[in-house]
Amino acid sequence: MVEAGGTLPVWVTLLSIKSRELANQRELAGMIGIQGATLTHHLNAMETQGLLTRRRDPENRRVHQVELTEAGEALFLKLRTAAIAFDKRLRTGLSDDRLAEFAEVLATLRANVD
């Protein structure tokens, strides 16, 4: 991620925003799995860098809507390419069957936690 111009927190935030197109800060924090204050810190930095904008929700002034800017969209695409390349390298030597079995184990572990 660093070589592509980003960090893991920036990538996860961009990915979460992109997957929802328009999300509020509370939803984003839940999707990413971090506290609201931590997300606010990341969003402040990303807004300063021109990667996103925040505006108050007209229906609930306490809620901020978050959207990617053109620069945020461009960084998302760049980081997505880096993430895909990393994923490909990570899965090298693993068959589809082994990956499917691993996914089942992870799903079982998650179900056991829930």
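Modeller: The buried residues of α3 pack against α1, α2 (25-32), β2 (52-57) and β3 (60-68). This is a predicted model: local features need pLDDT of at least 70, side-chain atom pairs count only at pLDDT 80 or more, and totals for chains, interfaces and linings use all residues. Residues are numbered from 1 along each chain as its sequence is written, and side-chain values use heavy atoms, with hydrogens and water left out.

Biologist: Which residues of α3 are buried?
Modeller: L39, L43 and M46; buried means under 20% relative accessible area, with a 1.4 Å probe and protein chains only. Seen down the axis of α3, they fall within an arc of 65° (directions from the helix axis to the C-beta atoms), so they line one face of the helix. An α-helix has 3.6 residues a turn, so residues three or four places apart point the same way.

Biologist: And which are exposed on the other side?
Modeller: A37, H41 and T48, where exposed means over 50%.

Biologist: Switching to α1, at what angle do α1 and α3 cross?
Modeller: The axes of α1 (residues 8-20) and α3 (residues 36-48) cross at roughly 90° and come within 11 Å. That makes α1 roughly perpendicular to α3 (65 to 115 degrees).

Biologist: Which residues make the contact?
Modeller: From α1, P9, V10, T13 and L14; from α3, L39, H42, L43 and M46. Contact means heavy atoms within 4.5 Å.

Biologist: What follows α3?
Modeller: G50 follows α3, and its phi is positive, near 80°.

Methods
Axes fitted to C-alpha atoms, helices over the stretch in contact; angles between N-to-C directions. Helix = DSSP H or I, 4+ residues; strand = E, 2+ residues; numbered from the N terminus. Parallel < 35°, antiparallel > 145°, perpendicular 65-115°, else oblique.
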